[in-house]
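Q: I would like to learn how to read the packing of helices and strands in a model. Can we work through one case?

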Amino acid sequence: MTALDPNLHHPTRLTVLAFLSGCQEAEFGAVRDYCQVSDSVLSKTAATLEELGYVKVKKGYVGKRPRTWLAASRAGRAALAGHLTALQQLAQAAEAAGAESP
């Protein structure tokens, strides 16, 4: 059985990485809005995921306005895939155990 990734137990980390796995990169505001969190919560979450090597953070400008883009790294995509596989195995094992109960 694949092990759950303890770094992805936090719902916000899992949601951010799942969202980013569906796109090449996303602007900070789009991720914030999708995850329904504040700027500070997303900032801290992105910093944690970046330290883990799961997310790449790119800063730049659109015109004169500063912007931040987030992207899932290869390691982040692999960690998410492994975590989701482990969750699915856990659910299947629980379902099988439930089916065996009288």
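Q: In which hand does H1 pass H4?
A: The model here is a predicted one. In it, the crossing of H1 past H4 is left-handed. Leu-14, Leu-17, Ala-18, Leu-20 and Ser-21 of H1 make the contact with Gly-76, Arg-77, Leu-80 and His-83 of H4. Sorted by class, the residues in this contact of H1 with H4 are five nonpolar, three polar and one charged.

Q: At what angle do H1 and H4 pack, and how far apart are their axes?
A: Two packed helices are described by the angle between their axes and by the distance between those axes. Helix H1 covers residues 11-21 and helix H4 covers residues 74-100; they pack at about 115°, with their axes 10 Å apart. H1 and H4 are therefore roughly perpendicular to each other.

Q: At what angle do H1 and H3 pack?
A: Helix H3 (residues 39-52) packs with H1 at an angle of about 75°, and the axes are 10 Å apart. H1 is therefore roughly perpendicular to H3. On the H1 side the contact is made by Thr-12, Arg-13 and Val-16; on the H3 side, by Val-41, Leu-42, Thr-45, Thr-48 and Leu-49. By class, this contact of H1 with H3 has four nonpolar, three polar and one charged residues.

Q: Is H1 oblique or roughly perpendicular to H2, and why?
A: The angle between H1 and helix H2 (residues 28-35) is about 125°, with the axes 10 Å apart. Angles of 65 to 115 degrees count as roughly perpendicular, so the angle for this pair makes H1 oblique to H2. The crossing of H1 and H2 is right-handed.

Q: Which residues of H1 meet H2?
A: Thr-15, Val-16, Phe-19 and Leu-20 in H1 meet Ala-30, Val-31, Tyr-34 and Cys-35 in H2. The class count for the contact of H1 with H2 is seven nonpolar, one polar and no charged residues.

Q: What order do the strands take in the sheet?
A: Strands of a sheet pair through backbone hydrogen bonds, and the pairing is either parallel or antiparallel. In this model an open sheet of three strands has the order S1-S3-S2, with antiparallel pairing. S1 and S2 stand at the edges, each with a single partner strand, so one side of each is left without a neighbour in the sheet. H1 packs on the sheet and touches S1, S2 and S3; the direction of H1 makes about 90° with that of S3.

Q: How many bridges join S2 to S3?
A: Eight bridges join strand S2 (residues 55-62) to S3, and the two run antiparallel. Lys-56 has Ala-71 in S3 as its bridge partner, Lys-59 has Thr-68, and Tyr-61 stands opposite Pro-66.

Q: What do S2 and S3 form, and how many residues lie between them?
A: They form a hairpin with two residues between the strands. Gly-63, in the turn, has a positive phi of about 65°.

Q: How do S1 and S3 pair?
A: Strand S1 (residues 26-27) pairs with strand S3 (residues 65-72) in the antiparallel sense, over two bridges. Glu-27 stands opposite Trp-69 in S3.

Q: What pattern does the protein follow along the sequence?
A: There are four helices and three strands in the protein. Read along the sequence, they give the pattern α-β-α-α-β-β-α.

Terms used. Residues numbered from 1 in each chain as written. Predicted model: local features only at pLDDT ≥ 70, side-chain atom pairs only at ≥ 80, totals over all residues. Heavy atoms only, no water. Pairing = 2+ DSSP bridges. Axes fitted to C-alpha atoms, helices over the stretch in contact; angles between N-to-C directions. Parallel < 35°, antiparallel > 145°, perpendicular 65-115°, else oblique. Left-handed = near helix turned anticlockwise from the far one by under 90°. Contact = heavy atoms within 4.5 Å. Nonpolar A, V, L, I, M, F, W, Y, C, P; charged D, E, K, R; others polar.
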